[in-house]
Amino acid sequence: MILHLVQGTPQESVHALRSMLEAEGLRTFLSPESSRPIVAIVDKVPAALAAALAERPEVSEIHQPAGDWRLVDRSYRELPSVVRIGGVKLGGGQVSIIAGPCSVEGADFMFEAARAVRSAGAHLLRGGAFKPRSTPYAFQGFGVEGLRQLKDAGEREGLPVVTEIMDAADLPAFLDHDVDCLQVGARNMQNFTLLKAIAGAGRPVLLKRGLSATVKEWLYAAEYLAAGGCHQVVLCERGIRTFESATRNTLDLTILPLLREWTHLPVVVDPAHAAGIARLIPPLSRAAVAAGADGIAVEVHPRPELARSDGPQALLPGELAGLVAEARVIAAVTGRGLHALPASPR
Ligand code: PEP
Ligand code: MN
């Protein structure tokens with residue numbers, strides 16, 4: 001249950017209300033919302049207490065989330081939340097583009113890829129250093145060395161970086177390399193130990209939807225992050241497993257408008273891991289922006305045929321530039337634009 005208190009309710013009254021609820025054995029959270037106090041009650045509220053709460057003068061509205069989450073519920077914020085990754089915003093009514101290779105493949109390669117991402121007009125640089133590969137014989141990523149190569153390339157181009165963390169034990173290395181955003185991949189969406197471990201790291205998290213996760217399960221995973229203190233969560237739809245085998249996965253755009261109703265979190269769409277085929281990515285990206293996505297995440301490689309992972313779904317640098325230009329046009333149709341780019345160091 002989420003309580004919206006009357007604007008201007010004094011802090012002492014908010015405190016007294018929470019103390020009363022806590023004394024009843026109900027845990028509460030206070031929203032970081034600045035416009036007015038919003039209190040989430042974690043535990044089930046007995047009917048008599050719910051009725052009494054509705055009568056209290058400081059309570060203006062009571063909301064019931066559509067699922068068993070609290071802090072990621074739409075009603076926990078006055079406006080949809082805006083996540084800041086380095087100097088880049090995600091959410092807040094404008095669109096951002098995340099792009100980069102699937103895997104970090106070396107220092108010079110990363111500089112080349114970052115240059116392409118910057119000149120295409122994308123906002124954030126991605127690249128995996130720890131790779132969740134389906135077989136143990138496939139390229140597993142350069143690990144910590146890859147984090148350094150990614151971050152160096154991002155700094156040279158003035159692009160904040162996003163990269164996947166698979167093991168909580170690696171978190172110190174991610175923080176040492178000042179990774180701007182931690183990606184939780186589809187295979188780890190329900191790794192609750194990992195979610196709890198990174199929630200307190202003070203970094204934004206890009207939470208990809210699990211291969212077979214329902215929207216509710218996905219929001220429960222986001223709730224783990226929020227309950228652990230992470231208020232900077234971005235959801236990423238990347239396709240789900242269905243009976244369809246013509247494409248790698250099935251991009252589920254159906255849930256975009258529903259997520260708008262259910263959660264305040266920004267939502268990015270990754271059509272690359274959904275389609276698995278590069279030429280399908282531009283039309284799917286247009287569809288995602290038209291359906292209201294806050295951002296697009298794609299993979300780019302200067303020589304896709306040599307890519308160490310996910311080559312068939314990698315865009316060429318020129319194709320990425322075209323995708324960014326189209327995203328701007330479609331965003332305009334939906335009354336939006338692209339977010340400002342981070343400052344260039346040159
Ligand atoms: C990736 O982003 O390269 C990746 C492995 O994504 P996903 O977890 O969505 O498969
Ligand atoms: Mn990939």
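Trainee: At what angle do helix α7 (residues 215-227) and helix α8 (residues 255-262) pack, and how far apart are their axes?

Mentor: Axes are lines fitted to C-alpha atoms, for helices over the stretch in contact, and angles run from 0 to 180 degrees between N-to-C directions. Here α7 and α8 pack at about 45°, their axes being 12 Å apart. That makes α7 oblique to α8 (under 35 degrees counts as roughly parallel, over 145 as roughly antiparallel, 65 to 115 as roughly perpendicular, the rest as oblique). This is a predicted model, in which local features need pLDDT of at least 70 and side-chain atom pairs pLDDT 80 or more, while totals for chains, interfaces and linings use all residues; side-chain values use heavy atoms, without hydrogens and water. Residues are numbered from 1 along each chain as its sequence is written, with chains lettered from A and ligands numbered from 1 in the order in which they are written.

Trainee: Which residues make the contact of α7 with α8?

Mentor: Contact means heavy atoms within 4.5 Å. From α7 come V215, K216, W218 and L219, and from α8 I255, L259 and W262. These divide into six nonpolar, no polar and one charged (Ala, Val, Leu, Ile, Met, Phe, Trp, Tyr, Cys and Pro are nonpolar; Asp, Glu, Lys and Arg charged; the others, Gly among them, polar).

Trainee: How do α3 and α11 lie relative to each other?

Mentor: Helix α3 (residues 107-120) packs on helix α11 (residues 317-333) at about 30°, with axes 8 Å apart. The two helices are therefore roughly parallel to each other. At their contact, A116, V117 and A120 of α3 meet P317, L320, A321 and V324 of α11. Seven of these contact residues are nonpolar, with no polar and no charged ones.

Trainee: In what order do the eight strands of the barrel close?

Mentor: Strands of a sheet pair through backbone hydrogen bonds, either parallel or antiparallel. Strands (E, at least two residues) and helices (H or I, at least four) are DSSP runs, numbered from the N terminus, and two strands pair if DSSP finds at least two bridges between them. The barrel order is β7-β8-β9-β10-β11-β12-β13-β14, with parallel pairing. Neighbouring strands are turned by 25° against each other on average, direction ignored. As an example, β7 (residues 96-100) and β8 (residues 124-126) pair over two bridges, and I98 has L124 in β8 as its bridge partner.

Trainee: Which strands do α3 and α4 lie across?

Mentor: α3 lies across β7 and β8, at about 145° to β8. Helix α4 (residues 144-157) lies across β8 and β9 (161-164), at about 165° to β9.
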